[in-house]
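Open the structure in your viewer and keep the selection tool at hand. This tour goes stop by stop, saying what to select and what is there.

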Amino acid sequence: MSSLIQAIRGMNDILPDESHRWEFFEDAVRAWLAGYGYRNIRTPIVEQTDLFTRSIGAVTDIVEKEMYTFVDHLNGDSLTLRPEGTASCVRAVLEHNLLYAGPQRLYYYGPMFRHERPQKGRYRQFHQVGVEALGYADADIDAELIIMCARLWRQLGISGVRLEIGTLGSTEARAIYRARLIKYFEQHQDDLDEDARRRMHSNPLRILDSKNPLMREILAGAPRLLDDLDEDSLKHFEALQRLLHDQGVDFEINLQLVRGLDYYNRTVFEWVTDKLGAQGTICAGGRYDGLIAQMGGKSAPACGFAMGIERILALMAENEIPKPAVDIYVVHQGEIATSFSWKAVEWFRNEGLSAILHCGGGSFKSQMKKADASGARFAVIIGDDEAKEGEVSIKPLREAAEQVRVGLAEAGSLLRRI
Ligand code: ATP
Ligand code: MG
């Protein structure tokens with residue numbers, strides 16, 4: 001016998017005993033987004049590699065080491081499994097000229113791919129819900145995006161997530177800051193790890209995002225962007241804080257917040273929990289006013305965030321989410337009975353009930369065992385006797401109650417009543 005083929009490391013199956021939790025989450029998210037007027041956009045999972053190198057930035061974890069890139073052997077194109085959703089969303093918006101109709105509130109949902117070391121809360125295929133508000137310049141939309149997250153956590157029964165906000169200022173302010181940062185890192189070269197030393201001149205801001213605990217001290221002493229912050233960005237940051245305050249959303253200011261992607265400016269934010277160990281960020285986002293022009297579109301401001309579904313579901317692990325159960329399991333024996341049971345089971349479905357028709361024959365006894373194992377609330381028993389009269393017997397499987405025999409027409413309404 002040949003050995004069984006297994007799933008790729010870091011890419012998970014979501015089995016039926018678990019998938020109802022995903023469906024619960026997906027339903028909640030769809031209703032939540034509709035409540036804010038955000039519309040769904042669906043883009044391909046594979047894109048031209050250039051899309052990501054140009055938008056995310058060449059000197060980032062994602063582009064340097066995490067992308068699943070391969071050559072399309074039919075034409076030699078370099079293609080990449082999407083590591084995040086914003087680049088594809090912006091590409092589609094530009095390709096189809098959606099901003100022509102005015103600003104857009106959009107969201108996407110689906111798998112993302114990053115070649116990382118798999119561990120709890122960090123996978124190679126993981127899922128994100130991402131929300132993008134394109135064409136909006138003011139801090140009101142930044143606030144809306146954050147406030148809507150707070151509502152989602154409440155609706156999902158998630159507690160103990162804190163909000164950190166920061167600002168990256170304007171491109172010009174960041175350039176001044178960048179120079180100061182390089183100078184600081186040059187003075188402390190011996191305390192930097194290999195990654196940091198390599199990025200010191202190409203992307204010094206990214207060093208602030210380092211997860212290496214040995215770098216903590218050196219980073220704590222690094223200069224702060226706030227001192228170089230431009231007037232407009234400062235006003236924007238203050239307006240955001242006022243709005244959050246007015247809406248009763250607590251936050252901490254964290255000026256070390258950088259985000260893993262290059263395209264952010266001004267507002268950045270993260271929702272963080274202490275309950276998931278090192279993988280504590282469940283949602284992250286910010287403003288990216290330069291990206292649309294950088295990708296060849298007519299310059300337009302934008303702001304968005306993405307949340308990691310696996311991490312959110314891990315936080316919800318203790319929440320009781322009922323498993324969906326089927327209403328009826330139909331058992332049948334005899335030629336007339338079987339023919340009638342096909343009609344009966346469709347009739348129940350027309351009545352809005354869910355029903356499994358027993359397949360594969362067998363004795364009544366063995367069929368009843370399957371009915372019980374299915375989790376159905378009722379067994380509907382059809383023998384030739386019942387079938388000849390157009391009747392069915394209903395046996396409750398989860399409570400002590402009498403079996404009753406009724407006409408098919410009454411059975412649906414009777415079952416719906418109980
Ligand atoms: P991290 O710092 O944890 O690597 P990131 O900055 O790379 O996160 P983003 O690109 O901002 O993450 O993605 C948004 C969210 O997606 C993260 O906050 C996290 O919840 C989730 N996420 C990112 N990478 C993974 C992964 N490999 N596995 C599971 N979830 C992930
Ligand atoms: Mg990462």
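Two strands count as paired if DSSP finds at least two bridges between them. Keep that in mind for the first stop. One caution before you start: this is a predicted model.

**Stop 1: a sheet**

Select strands β2, β4 and β3. They form an open sheet of three strands, in the order β2-β4-β3, and the pairing is antiparallel. The edges are β2 and β3 (68–71), each of which pairs on one side only. From one strand to the next, the twist averages 35°.

In general, strands of a sheet pair through backbone hydrogen bonds, either parallel or antiparallel.

**Stop 2: a nonpolar patch**

Val46 is partly exposed, at 34% relative accessibility. Together with Val46 they make a nonpolar patch on the surface. The accessible area of the three together is about 210 Å².

**Stop 3: a salt-bridge network**

How many salt bridges does a search of the whole structure find? The search finds 25. Begin with Arg199 and Asp61. Their side chains meet in a salt bridge, 2.8 Å from N to O. This pair links distant parts of the chain. Arg199 sits in helix α7 (residues 194–199), Asp61 in helix α3 (residues 61–66), and they are 138 residues apart.

Is Arg199 buried or exposed? Arg199 counts as buried, because its relative accessibility is 4% and the cut-off for buried is under 20%. Asp61 has a relative accessible area of 22%, so this residue is partly exposed.

**Stop 4**

Select Arg122 and Glu116. They form a salt bridge, with the closest N and O atoms 2.8 Å apart. Both Arg122 and Glu116 are buried.

Next, select Arg416 and Glu351. Their side chains meet in a salt bridge at 2.5 Å, N to O. Here too, distant parts of the chain are linked. Arg416 belongs to helix α16 (residues 408–417). Glu351 is in the loop between α13 (335–350) and β13 (355–357). Arg416 is partly exposed at 46% relative accessibility. Glu351 is partly exposed as well, at 22%.

**Stop 5: the cysteines**

A disulfide is a covalent bond between the sulfur atoms of two cysteines. How many disulfides does a search of the whole structure find? The search finds zero.

Select Cys149 and Cys283 to see why a bond is absent there. The closest cysteine sulfur to that of Cys149 is in Cys283, at 4.0 Å, which is too far for a bond. A disulfide would need the sulfur atoms within 2.5 Å. Cys149 is buried, at 0% relative accessibility.

Finish with Cys303. Its sulfur is 10 Å from the closest cysteine sulfur, in Cys149, so that pair is also too far for a bond. Cys303 is buried too, with a relative accessibility of 0%.

Key: Residues numbered from 1 in each chain as written. Chains lettered and ligands numbered in written order. Predicted model: local features only at pLDDT ≥ 70, side-chain atom pairs only at ≥ 80, totals over all residues. Heavy atoms only, no water. Salt bridge = Lys/Arg side-chain N within 4 Å of Asp/Glu carboxyl O. Helix = DSSP H or I, 4+ residues; strand = E, 2+ residues; numbered from the N terminus. Buried < 20%, exposed > 50% of the residue type's maximum accessible area, 1.4 Å probe, protein only. Patch = residues over 30% accessible without salt bridge, like charges linked within 9 Å, V, L, I, M, F, W, Y side chains within 5 Å. Areas by Shrake-Rupley, 256 points an atom, 1.4 Å probe, with all protein chains shown as cover. Axes fitted to C-alpha atoms, helices over the stretch in contact; angles between N-to-C directions.
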